[in-house]
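Have the structure open beside you as you read.

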Amino acid sequence: MTQSAQIGDGTRAVRAGLPEALKNEPTLPGPVFAAHFHLPGDVSGPYTYGRDDNPTWTHLERAIGELEAPGQEDVDTLVFASGMAAISAVLFSQLKAGDVVVLPSDGYQVFPLVREQLTAFGIEVRTAPTGGDAQLDVLDGAKLLWIETPSNPGLDVCDVRRLAEAAHACGALVAVDNTLATPLGQRPLELGADFSVASGTKQLTGHGDILLGYVTCRDAELTASVRGWRKIVGAIPGPMEAWLAHRSLATLQLRAERQNANALALALALRDRDDIEGLRYPGLPDDPSHKIAAQQMRRFGCVVSFTLPTRARAERFMKALTLVDDATSFGGVRSTAERRRRWGGDDVSEGFIRFSAGAEDPDDLVADVLRALDEAAV
Ligand SMILES: Cc1ncc(COP(=O)(O)O)c(C=O)c1O
């Protein structure tokens, strides 16, 4: 059932992608486990083989499309096995040898590997940092501009509308990684992007129990090429994951409200402490990202970052937390944090902490963090 563009985010989230109400049928049909579908005679109809399509994906794809681009009927969404599967589908379906792609130099830590693979395929990769719209300077001759805003883990923000206009003027397509913001926090297609791409593993599904990715695309031809990539690579979600993701979307607005409010409460509580530096949260009015974030984001996400003076102190802090799991990823209802440098990939200092606020009671969460910081100091 198509939803009006005017309804609120909570209403949209609980109803997103639901099929027409049919007597004696469930509100959200259960997962369809099928490798193949009955197909007498000629090949026709939406469901033929399980690598190409599945009714459980269809419901989820409609739901995500309604959240990414409310009221826009011409937009299509494709779901994938993970965020990286979705990212790779866009990059490798759109680029060929001799093309130029512009990537963020401070994006998700798998990007250096992606860069190596693109280069091995004869694609020229240029990089520039997210902050200050630095990608503008390297757009000339590019086929695709890749934006990640807010960036992970630095939480810098760039002006999507400005970059998209400049990229289109150069003839480049624009993809935005919308993982951290979620479609309730930011709508890249409305800001001018051709693709909104995300890991649904994070706040979109929010329980830390499934991997998922998706691409929302404004153009039928572009969608067809990404769909073709999904078919040949086969990086598809299982029906159970797709159904769980759809079920989780119903609480996205509730989770985002609570988690993002917790992130802000934490950032405010950390602001005046002299044992941390480099506190970042795009929702803090004095954050370097806030001005542009406030123009293009409707919610500022659940991730806060800050730096402790040494690796040892950061490790003591992590151990002292009792309500926060030491784990990678972000966006789950249970708070997680990690000393990000342990992976070796990101350009951050040894004491850098990426903190993902969960849905705990704000006073409990803030008290746990402040106590752990005090304990780590001695
Ligand atoms: C911004 C961003 N994009 C993409 C990904 C990849 O998502 P997945 O782990 O679902 O493949 C991540 C994972 O952390 C991420 O943080």
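Three salt bridges are found across the interface of domain 1 and domain 2 in this predicted model. Side chains of opposite charge can pair when their charged atoms come close. To see such a pair for yourself, look at Asp156 and Arg280: they form a salt bridge in which the closest N and O atoms are 3.1 Å apart. Polar contacts join in as well, with 19 residue pairs counted between domain 1 and domain 2, both partners at pLDDT 80 or more.

Which elements of domain 1 give two or more residues to the side that touches domain 2? They are α1 (9–15), α5 (160–169) and α7 (239–249). The largest share comes from α1, which gives three residues. Sorted by class, this side of domain 1 has 16 nonpolar, 14 polar and six charged residues.

Now step back to the layout of the chain. The domain assignment places domain 1 at residues 9–249 and domain 2 at residues 252–376. Taken over C-alpha atoms, the centres of the two domains are separated by 26 Å. Where they meet, 36 residues of domain 1 are in contact with 34 residues of domain 2. About 2900 Å² is buried between the two domains, and carbon and sulfur atoms give 54% of that area. On the domain 1 side, Gln109, Leu155 and Gln203 lose the most area to domain 2, together 24% of what that side buries.

Next comes the ligand. It is surrounded by 15 residues, and the closest are Asn152, Asp177, Ser199, Thr201 and Lys202.

Finally, how many salt bridges does the structure hold? The count is 29. One to look up is the pair Asp53 and Arg227, whose side chains meet at 3.7 Å, N to O. This pair links distant parts of the chain: Asp53 is in the loop between α1 and α2 (55–68), while Arg227 is in helix α6 (residues 220–233), 174 residues apart.

Key: Residues are numbered from 1 along each chain as its sequence is written. This is a predicted model: local features need pLDDT of at least 70, side-chain atom pairs count only at pLDDT 80 or more; totals for chains, interfaces and linings use all residues. Side-chain values use heavy atoms; hydrogens and water are left out. Domain bounds come from an automatic or database domain assignment. Contact means heavy atoms within 4.5 Å. Buried area is the accessible area (1.4 Å probe) that two parts lose on being put together, summed over both. A salt bridge is a side-chain nitrogen of Lys or Arg within 4 Å of a carboxyl oxygen of Asp or Glu. A polar contact is a pair of N or O atoms within 3.5 Å; within protein, one must be able to donate a hydrogen and the other to accept it, and residues adjacent in sequence count only if both atoms are side-chain atoms. Helices (H or I, at least four residues) and strands (E, at least two) are DSSP runs, numbered from the N terminus. Ala, Val, Leu, Ile, Met, Phe, Trp, Tyr, Cys and Pro count as nonpolar, Asp, Glu, Lys and Arg as charged, and the others, Gly among them, as polar. A residue is near a molecule or strand if one of its heavy atoms lies within 4 Å of it.
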